[in-house]
Amino acid sequence: MESFPKNIGGLIGESKNEKKTEKRLWDLSLKFVEGRQWLSYDKRVSQFITANLQADGQSRVTVNLLINIYRNVLSRLALSYPSIAVMPATPSAEDILKAKTSEMALQYYWHRDDMKHKLEQLIKWLLTTGTGATHTFYDSSEKRILTEVYGAYDIFFERAVINPDDSRWIALRTYTTKHELKKVYPDHAKEIDQTSMSDEDNYGLISSGTTNEPPKDRVELFEIYWRDGRHAIVVGGTYLHKGKWSTKTYPVQIYRYTEVPRRLWGISMLAPALDLQMLYNRARSQVIHNVELMGNPKWLIPKTAGINTHALTSKPGEKVFYNPAGGAPQQVAAAPLPGYMLDNISRIQSEMMDTIGIHSVTLGKRAVGVTSGKAMTTLSEKDTSQLQITQEAIERGVTKVGKTVLELMKRHYTEDRMMRTLDQYGQVAFTALKNTDIIDDPDIFLQAGSLFRDEAQDRDAKVMQLLEMGLIEPEAALQELSFRTGNKNVSEKAQSISHATDMLDAVRMGGEIEIFSSDDLKTFKEVFGEFMRTTEFYEMPPPTQEYLRDALVAIATASAPNEDYENLLASKKVFPRGTSSSDPAAIAKQMMGPGSQSAQAQVAQEQAARAQQTGSMASAERSMTRGSEAGMSNMRQGGGIR
């Protein structure tokens, strides 16, 4: 492993300087969403300022078309937030157990860490700045796993890279007080006191006031992750902590709204529409200004009319005195705007929606010439489909977040913690996660694209759908609707698989087991039957194989009469096939049936073993009979029967 660079402050400074141009675009996008759209860039203060009104008093109208589009797309992406479904790698009971228990653990984490709200924060950054990040880690102070969201302002890459994956390190910035920082790192109190806020980037946030400076006594804290496993916490160029990150999956995930090859930062939804929004405001301002001129036309007043400068006002019924000999004042109406001016406004609005990919139907308005409800729905779906690329980018990142969470659970969560987290099924989840190697030997796959919802109305709708299909009983549906146990059947199935697997492990180790009628016999049959098809079963000692076979036969005939159990024991093999008859002719016919001499010999051996077993059973029965008769004789003698 390489050593930590000594000039880490300089490396972060280079990254800051490299994204100054991008930062201006982010500032502009955020201000436009606010509605502050008459701006000019002041190089003296390195920020955008609101331009002063012109001396002629010309109207400046701001029609913020971006805010409605921003809210609409945010709601659509937030409604499609991905929860995590875990698919088993194979249909085996072991992989199903790992997948379902991992899903239970992730579902708990999804609600515990409020991932829905955090992904909404991420989507806000994607819409406005085009780039965001999530950082998943184990917080030793709170003793739980957390995921934090970062905007583009607080993400730093290695200088001159063209793709986030090419950067050897990623730094994430937060702001904290010196007092709190010295409590955590008292050995570096002197360096922390000497640290000052950087003037190059200021606060990295958009303030509504005239300055972007942070609150007092705040410093920039950087958490840096190298691809080779190094991890460091830096303030002012001083290392406060050096170590290694504990997961195999990279704990920082980068998300981009629109990815362009050889471009490091993503393009936001708003960026292509900023120029069009400025042109739209100018055109609308011209229209309003022309309306004001036409509603209040200019006056032509002869100097000899003798009218006071302030005599003509906008008051109705006003009396104006003038000298008729000098000439009467006249109004001069302004020329109306040409028709193409209004057409240009409509064209700008249409081009803005085309650039963003959202049209009037999606925004809740009827499109021109479209009257069919089905057609409106189709147009809205077309707009939503354009967001599929962004959704897939979010899903890829969330999939890696899920892997990171499982790895951190496997490393930091004990069995007692899992028991408190997942009630009586915590031990099942702990065992499955403990035995799962997610990266080197992937036993499970995470499918974020399923987008299953886990809110109250979604759970109730799913239960009612199962009831209508006849897949659950009315009593079970009533219980799940009343007690919110929509996933109870999944948890119980995982518990049954875990119990059957434990019993199978006991048999494999040479122990004896007892299976009761209250157990999930169907699951036992699946687990035992599945294992008997593996190579490991045929490598076991013959007595253990026979024990497992007898157990499986007993499970398969648990509700059948004893005769069925005995017949199944007698003919438990399909090949070589034997007969339970004691007739010598039937036995000879069965032995001479196969054409292969090897098969005939195998049938003969099987028949001899069955005869020996039958003879042993008959001998045992005779011994039991003789013992019973001797006991009765002793009872008659002792009882005084004469």
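**View 1. Overview of the protein chain in the predicted model.** The secondary structure of the protein chain comprises 22 helices together with 14 strands. When contacts with a separation of 6 or more are considered, residues 24 or more positions apart account for 66% of them.

**View 2. Helices α17 and α19 at their crossing.** Helix α17, which covers residues 521-531, and helix α19, which covers residues 542-556, have axes that come within 10 Å and cross at roughly 150°. Angles over 145 degrees count as roughly antiparallel, and α17 and α19 are therefore roughly antiparallel to each other. The crossing in which α17 passes α19 is left-handed. On the α17 side the residues that meet α19 are Leu 521, Phe 524, Lys 525, Phe 528, Gly 529 and Phe 531, and on the α19 side they are Leu 548, Ala 551, Leu 552, Ile 555 and Ala 556. Sorted by class, the contact of α17 with α19 has nine nonpolar residues, one polar residue and one charged residue.

**View 3. Helices α4 and α13 at their crossing.** The axes of helix α4 (residues 93-112) and helix α13 (residues 426-434) come within 9 Å, and they cross at roughly 115°. This crossing of α4 and α13 is left-handed. Helix α4 contributes Leu 97, Lys 98, Thr 101, Ser 102 and Ala 105 to the contact, while α13 contributes Val 428, Ala 429, Ala 432 and Leu 433. Divided by class, the residues of the contact of α4 with α13 are six nonpolar, two polar and one charged.

**View 4. Helix α2 packed with helix α8.** Helix α2, residues 20-34, packs with α8 at an angle of about 45°, and the two axes are 11 Å apart. That angle makes α2 oblique to α8, and α2 passes α8 in a left-handed crossing. The residues that make the contact are Leu 25, Leu 28, Ser 29 and Phe 32 of α2, together with Leu 274, Gln 277 and Met 278 of α8. In the contact of α2 with α8 there are five nonpolar and two polar residues, and no charged ones.

**View 5. Ser 285 within helix α8.** Ser 285 is found in helix α8, which spans residues 274-295, and at 2% relative accessibility it counts as buried. With its neighbours within four places in sequence left aside, Ser 285 is in contact with Trp 38, Ser 59, Arg 60 and Val 61.

**View 6. Nonpolar cores and the surroundings of Met 352.** The largest nonpolar core has 56 residues, and those with the most contacts inside it are Leu 66, Val 73, Leu 127, Met 269, Met 352, Ile 356 and Met 409. Apart from this core lies another, of 22 residues, which includes Ala 494, Ala 500, Met 503 and Met 540. Leaving aside neighbours within four places in sequence, Met 352 is in contact with Leu 65, Leu 66, Ala 273, Leu 276, Gln 277 and Tyr 280.

**View 7. Gly 151 in strand β5, with Lys 143 in the loop between β4 and β5.** Gly 151 is found in strand β5, residues 144-151, and is buried, with a relative accessible area of 2%. When neighbours within four places in sequence are left aside, Gly 151 is in contact with Trp 125 and Thr 131. The C-alpha atoms of Gly 151 and Gln 121 are separated by 8.9 Å, although these residues are 30 residues apart along the chain. Lys 143 lies in the loop between β4 (131-139) and β5, where it is exposed, with a relative accessible area of 53%. Lys 143 has a positive phi of about 60° although it is not a glycine.

**View 8. Loop residues Arg 262 and Ser 196.** Arg 262 lies in the loop between β11 (252-256) and α8, and at 68% relative accessibility it counts as exposed. Its phi is positive, at about 65°, although Arg 262 is not a glycine. Ser 196 lies in the loop between α7 (189-194) and β8 (218-226), and at 61% relative accessibility Ser 196 counts as exposed. The C-alpha atoms of Ser 196 and Lys 178, which are 18 residues apart along the chain, are separated by 10.0 Å.

How values were computed:
Residues are numbered from 1 along each chain as its sequence is written. This is a predicted model: local features need pLDDT of at least 70, side-chain atom pairs count only at pLDDT 80 or more; totals for chains, interfaces and linings use all residues. Side-chain values use heavy atoms; hydrogens and water are left out. Axes are lines fitted to C-alpha atoms, for helices over the stretch in contact, and angles run from 0 to 180 degrees between N-to-C directions. Helices (H or I, at least four residues) and strands (E, at least two) are DSSP runs, numbered from the N terminus. Angles under 35 degrees count as roughly parallel, over 145 as roughly antiparallel, 65 to 115 as roughly perpendicular and the rest as oblique. A crossing is left-handed if the near helix is turned anticlockwise from the far one by less than a right angle, and right-handed if clockwise. Contact means heavy atoms within 4.5 Å. Ala, Val, Leu, Ile, Met, Phe, Trp, Tyr, Cys and Pro count as nonpolar, Asp, Glu, Lys and Arg as charged, and the others, Gly among them, as polar. A nonpolar core is a set of buried Ala, Val, Leu, Ile, Met, Phe, Trp, Tyr and Cys residues joined through side-chain atoms within 4.5 Å. Buried means under 20% relative accessible area, exposed over 50%, partly exposed in between (1.4 Å probe, protein chains only).
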